[in-house]
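Have the structure open while you read.

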Amino acid sequence: MKPLPNNLQWESWAKLMARLQEGDAEAYRRFLDEVGPILYGFVRRRVFNQELVPDVYQEVLLTLHKARHTYDPTRPLGPWLFTVARNSVLDALGRNRKFAEKEVPTEKLPESGKIKEEGGLDDQLHLALEALPEGNRRAVELLKIRGLTLEEAAKEMGISVAALKVRAHRGYQHMRRTLMGKGK
Amino acid sequence: MRKRTKKKSGAGNAAGIHAALVGRLVSETRPVRRTLTPGLQWALWFLLSGGSVGFFLATLGPQAAGAILGNLPAVLFLGAALLGSALAAWEAISSSLPGRQTGTLYRIGAVGLVLVLMAMPFLFFPSAPGGFDLMGCCSSGWSCIRGCCLLGFLPWVLMVFILSRNASLRPFWTGLWAGLSAFLLGAFAIQLHCPSWETGHMFVAHLLPVALLTFPAALAGAYWFSRWRK
């Protein structure tokens, strides 16, 4: 088990924190490397589902980064650090819970063969996708079928993320109209 | 449709995730302007808000000092309103700075003071001869209701401006305390102007607007004070 940090370590981290606020990249790297394991342990103790730990840990570091200007170097670092960490953990878990509530477990979805028998949803989706203009179709395919991130898909299409969002959005609208028209 | 980033899972990836994230964060390093200390923020808000409210009050014309100073419940009421505003402002500022949150006792004390303030018109001041008439108080006290809103609005904007640089981890509560502090200051100022010390009027025209405006202020705060995380 990693020993708890002593006062000297906290003071040294507070100094690093003050330097990173002034833009010292090396101090920032050292600070995150030294404090990271403590925060990781903090997150691991608070998150029941261990698969979520790396994601929550990322969230903690990102929040720490965004809130770094609020640390006052004349004050102890611990309360600031753990307040940010505790709230980030709670926020991340809350968001994950909300997302999980809206998610449909895959085991509850009917098999694709069954869909085909029942109403040919796969075929209809395929036709609706095929009916899209080239740009919109490619945007939808990259994002929803190949599962690329916005940045990756935009790079592959050689357009900006904003333009990709517009194309994908128009594609979804077009498909919705096509599918609803068929449903009537 | 919601965008989801690709996730790595398992503790084994921890070091890799840490290294990648640290690399990204370090590459974004630049000097940051530190936030002012809570004391300075509080003093700045009180000074600016007090100045603006004082200016408008001077324009409206305060009631004679003798009418207030000779009336102990009136002095207590005004003192409680000002103290409540100051405590709420401190709470709003503290709640928006990580590691500077006040304790539960402080919050209980502040809420208790506001509740006592709300009850004071019923405890220490005479009611109108015809009894409590909500609609009558609303129509006769319309100028006070409007004045309370207007006098509290500028302190609220100032508070939002000051808090925008902070990093609130509980934006709704920060917004609620910010609204309470600003509109209590407005109620304090309007009570200095309005010569009526009658229960119904004080409650409906001076205190109820505070309660009603604090809630939308909290909702606005929930949105505005969470922007720093996006």
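The points below go from chain A to the interface and then to one helix of chain B.

1. First, a reminder that we are looking at a predicted model. Everything below should be read with that in mind.

2. Of its 184 residues, 28% come out as buried. Taking the contacts in chain A with a separation of 6 or more, 54% link residues 24 or more positions apart.

3. Now the interface. On the chain A side 34 residues are in contact with chain B, and on the chain B side the count is 32. Helix 1 (7–21), helix 2 (25–46), helix 3 (53–66) and helix 4 (77–102) of chain A each put in at least two residues. Helix 3 of chain A gives the most, with 9 residues. As for the make-up of chain A's side, I'd note 14 nonpolar, 12 polar and 8 charged residues.

4. Over in chain B, have a look at helix 5 (residues 104–124). How far apart are its end C-alpha atoms? They sit 29 Å apart, which agrees with the 30 Å that 21 residues should span at 1.5 Å a residue. That said, helix 5 of chain B has a kink of about 35 degrees at M118(B), shortly before the proline P121(B).

5. That proline turns up again in the burial list: the buried residues of helix 5 of chain B are A110(B), V114(B), L117(B), M120(B) and P121(B). Their cover includes helix 4 (72–95), helix 8 (171–193) and helix 9 (199–224) of chain B.

Key: Residues are numbered from 1 along each chain as its sequence is written. Chains are lettered from A and ligands numbered from 1 in the order in which they are written. This is a predicted model: local features need pLDDT of at least 70, side-chain atom pairs count only at pLDDT 80 or more; totals for chains, interfaces and linings use all residues. Two residues are in contact if their C-beta atoms, placed from the backbone, lie within 7 Å. Helices (H or I, at least four residues) and strands (E, at least two) are DSSP runs, numbered from the N terminus. Ala, Val, Leu, Ile, Met, Phe, Trp, Tyr, Cys and Pro count as nonpolar, Asp, Glu, Lys and Arg as charged, and the others, Gly among them, as polar. The expected span of a helix is 1.5 Å times one less than its number of residues. The bend at a residue is the angle between axes fitted to the seven residues ending there and the seven starting there. A residue is buried if 20 or more other C-beta atoms lie within 10 Å of its own, exposed if 12 or fewer, and partly exposed in between; C-beta atoms are placed from the backbone.
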